[in-house]
Amino acid sequence: MKLQSKLPNTGTSIFATMSALATKAGAINLGQGFPDFPMNATLVELVAKAMRDGFNQYAPMQGYLPFRETIAEKINLLYKHPVHPDLNITVTPGGTYAIYTALTTILQAGDEVIFFEPAYDSYLPNIIVNGAIPVAIPLEYPSYKINWEKVRAAKTEKTRAIILNSPHNPTGAVLTESDIEELRRFVYDTNIFIVSDEVYEHIILDGLPHLSILRYPDLFDRAFICFSVGKVFHCTGWKMGYCVAPETLTKEFRKVHQFNAFSCFTPAQVALASFFQDPENYNSLPVFMQEKRDFFQELMSETKFRALPTHGSYFQIYTYNKISKDSDTEFVKNLVASCGVAAIPVSAFYQSGKDDHVVRFCFAKKEETIREAVGRLKSV
Ligand code: GLN
């Protein structure tokens, strides 16, 4: 049998690769982004209760209505944007799936998609698998800010979408009001859609506001905004998220979704419908994560790694220039084997493999994990 690959240049994701290396070496895994502390026990109990109460059959394709109602309330509260549970919100198995579905909804073969590198690793294959053309714009090293001149220069008749990600994975950069103004000018009077990856909406640090596209009605009109439950409630393995979009876009989004996952795990949606009702359950996250980030940074300041500025996500990036001249991929492979700590090389987030000698650590870990990991990193 001969199969013509749709993704001939795509290998195994760097997260899976580094997690496998970490397991093999018995290392502390600060690579793949996931918390190692327990999730909220009440939420766990609510899921168990939902199962006992018999919520074990298919949820509606678009998501369990009371859950979508609480999402709408949350959005209204946080971003002052009224959205309708039926017309605008679709529950998905995770944020990554929401992004894939949004791109598949929009793209025709030959369309161009602007995105920023370093980029979360799913964007590029998502574009290619749809027969579209990736147009990568490098963020400015080391601030990782968007250079809008470069974005404008990349615009053509075929530009169909722009992917934004704030707080940004892997760099922790966040959008500013001036980025929003630039974005507004960029899309004005065009048929360019916005796919906004906002899975770290609540992991925003240093007292900064999260500039969700939902705050800007003119931008929302052309946007698919993707969120994650796993990132908010420390349960990445749940693979639960949602996409918010205008009515006509949501209609098309659901056409793709209904013949893919169709619907998501019912007991979790029933549990979340009540858990989401208390804003404290998500509003407490920035302070909780800031403590972890500050603790991690403070301990790391005793190592030879140098932190680059970050303002969100649960990642902190570091340059290792003072330690080694190895490529970042070589560096993390040696690190996991010789020091017992796994990290992610930032070059993996570039199509070209651009290597600024920067690595990403996930600090969403228990205090003892952070202490032990940094203790090991001190020896490097
Ligand atoms: N979002 C997570 C990260 O950036 C991992 C997701 C995955 O493993 N696919 O580390």
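**Exercise 1.** At what angle do helix 1 and helix 15 pack, and how far apart are their axes? Work this out on the predicted model, and then classify the arrangement.

*Solution.* Begin with the two elements themselves: helix 1 covers residues 14-25 and helix 15 covers residues 328-338, and they pack at an angle of about 25° with their axes 9 Å apart. Next, compare that angle with the cut-off, since angles under 35 degrees count as roughly parallel; helix 1 and helix 15 are therefore roughly parallel to each other. The handedness of their crossing is right-handed. Finally, list the residues that form the meeting surfaces: helix 1 contributes M18, L21, A22 and A25, which meet V332, K333 and V336 of helix 15.

**Exercise 2.** Describe the largest nonpolar core, and trace the surroundings of I162.

*Solution.* The largest nonpolar core contains 124 residues, and F67, I162, F305 and F361 are those with the most contacts inside it. Domain 1 (14-35 + 283-377) and domain 2 (41-277) each supply at least three residues to this core.

**Exercise 3.** Locate T190 and decide whether T190 is buried, partly exposed or exposed.

*Solution.* T190 lies in the loop between helix 8 (177-187) and strand 6 (193-197). Not counting residues up to four places away in sequence, T190 touches K155 and R222; T190 and R222 are 32 residues apart in sequence, with a C-alpha to C-alpha separation of 10 Å.

Definitions and conventions: Residues numbered from 1 in each chain as written. Predicted model: local features only at pLDDT ≥ 70, side-chain atom pairs only at ≥ 80, totals over all residues. Heavy atoms only, no water. Core = buried A, V, L, I, M, F, W, Y, C linked by side-chain atoms within 4.5 Å. Buried < 20%, exposed > 50% of the residue type's maximum accessible area, 1.4 Å probe, protein only. Domains from an automatic or database assignment. Contact = heavy atoms within 4.5 Å. Axes fitted to C-alpha atoms, helices over the stretch in contact; angles between N-to-C directions. Helix = DSSP H or I, 4+ residues; strand = E, 2+ residues; numbered from the N terminus. Parallel < 35°, antiparallel > 145°, perpendicular 65-115°, else oblique. Left-handed = near helix turned anticlockwise from the far one by under 90°.
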